Amino acid sequence: MSLRTLGRLMRPRAVTTRGFAAGVQSSTNFGADGQIVPHGGALVESMAPAELSSFVLKSCSVEIDLNDRQACDVELLVNGAFSPLGGFMNQDDYDSVVSDYHLKSGELFGLPVVLDVNRDDIVPGTKVALNYQGKAIAALEVESRWNPDKPLETLRCYQTSSLEHPGVQMVAMERGPTYVGGNITGLAYPDRVFPCQTPREVRAGLPKNADVVVFQCRNPVHRAHYELFTRAGDAENVSENGVVLVHPTCGPTQADDIPGAVRYATYEVLKNELEDKRINWAYLPYSMHMAGPREALQHMLIRKNYGCTHFIIGRDMAGSKSSVTGDDFYGAYDAQDFAKSISGELGMQTVPSLNLVYTDEGYLTAEAAKERGLNPLKLSGTEFRRKLRAGEDIPEWFAFKSVVEVLRAHQ
């Protein structure tokens, strides 16, 4: 049975439709090119022409090796995803973002984008070659250097300075004691198992004057995700000619998450089986901070630069639990509420994710299931992983067979 046939059987007609509301027009403010204007007004890209790369590299007097997280930041700075930034934040922008999630120039920005170092010879005026996995991918011209107040940074950005939070651990224990900022020039993109199109490349494949609803996820794709992003195109605030962009992050996340290359493979098998031309696919080399509301803003501005007009925001987006007590650091709807509050200023709309459950009548909203007196079928993440390891059957309402095969092949 094909996925398309399975989808029709599992989606009750009375609950949702595959069509859009007739006559709904986009309320997005499109630019002259028929697409949403990038954050700050234009894509800020900094990849050097190939013939100048050797000259740029020779001008560097210092070189450092980047870790996975830093390499993701460099790639997103170079390709324009972090527009309007042209490099790592200087101290004035850093202080402003930490204080109230705005750049000094006034644009919204969720989290600091900084380069941490633990060397004394990297000072303003120094040109630094940034290497990743043995290859120079960018050059940084240092403009500022400072010792950050990390407790204040984490308290403002993560709403806690507790080391029980994985993002706080990263800032306090993985990052070096000193931050440097300055413009960067791209030399090459990192070599990755998964291809990462630039914002310009993704925009080139999107329709003109049409809403683009983006689905962000840091996990392997499962049935509920599919139901969520296919139904998002039917939201009341999405135009009838709108499309969906499935754009999962494939960079570092939490320590116990499935590796990015495996997550990418699950989306690829699903993409190859679906026949819906309204669904576009791309992958984001972003490192998760698990920063809840602040990270929701970060994801939204990035996706605006990729050409998206609407952002699907789920319950407890980018949420995290204490590594000691298991308590949540954020409320279930904190990220949704914050995203709604800044959506007008950002110039993007939100599409709250449906709280979907599976019943004998297929996938329904939890509210509809309760009204009909239907009991949702449940499979916990712990039980799913146990079944995966044991080779036991996993119900297709929970996970696609092709995705399960990928996950088992990479255990």
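Me: Where is Ala318 in this predicted model?
Reply: In this model, which is predicted, Ala318 sits in the loop between β11 (310–313) and α11 (334–346).

Me: And what is its phi, positive or negative?
Reply: The phi of Ala318 is positive, about 55°, although the residue is not a glycine. As background, most residues other than glycine have a negative phi.

Me: Is Ala318 buried or exposed?
Reply: Ala318 has a relative accessibility of 6%, and because buried means under 20%, Ala318 counts as buried.

Me: What about Gln133, where is that one?
Reply: Gln133 lies in the loop between β4 (127–132) and β5 (135–141), and this residue, not a glycine either, has a positive phi of about 55°.

Me: Buried or exposed, for Gln133?
Reply: Gln133 is exposed, since its relative accessible area is 60% and the cut-off for exposed is over 50%.

Me: Switching to helices: which residues of α5 are buried?
Reply: Helix α5 covers residues 150–158, and its buried residues are Lys150, Glu153, Thr154, Cys157 and Tyr158.

Me: Which residue follows α5?
Reply: Gln159 follows α5, and the phi of Gln159 is positive, near 65°.

Me: You mentioned β7; where does Gly181 belong, and is it buried or exposed?
Reply: Gly181 is placed in strand β7, and with a relative accessibility of 0% Gly181 counts as buried.

Me: Which residues does Gly181 touch?
Reply: Leaving aside residues up to four places away in sequence, Gly181 touches Phe88, Met89 and Asn90, together with Leu140, Glu141, Val142, Glu143, Ser144 and Trp146.

Me: Which residues does the cis peptide bond join?
Reply: The cis peptide bond joins Ser83 and Pro84, with omega at about 15°, and Pro84 is found in the loop between α3 (68–78) and β2 (87–88).

Me: Zooming out, how many helices and strands does the chain have?
Reply: The protein chain has 14 helices and 14 strands. Its radius of gyration is 22 Å, close to the 22 Å that the globule rule gives for 411 residues, so the chain is as compact as a globular protein of that length.

Me: What share of residues is buried, and what share of contacts is between residues 24 or more positions apart?
Reply: Buried residues make up 57% of the 411 residues, and among contacts with a separation of 6 or more, 75% come from residues 24 or more positions apart.

Me: Last one, how many charged side chains are there, positive and negative?
Reply: The protein chain has 41 positive and 51 negative side chains, and the centres of the two sets lie 5 Å apart.

How values were computed
Residues are numbered from 1 along each chain as its sequence is written. This is a predicted model: local features need pLDDT of at least 70, side-chain atom pairs count only at pLDDT 80 or more; totals for chains, interfaces and linings use all residues. Side-chain values use heavy atoms; hydrogens and water are left out. Buried means under 20% relative accessible area, exposed over 50%, partly exposed in between (1.4 Å probe, protein chains only). Helices (H or I, at least four residues) and strands (E, at least two) are DSSP runs, numbered from the N terminus. The radius of gyration is taken over C-alpha atoms; the globule rule is 2.2 Å times the number of residues to the power 0.38. Contact means heavy atoms within 4.5 Å. Lys and Arg count as positive and Asp and Glu as negative; His and the chain ends are not counted. The place of a charge is taken as NZ of Lys, CZ of Arg, CG of Asp or CD of Glu.
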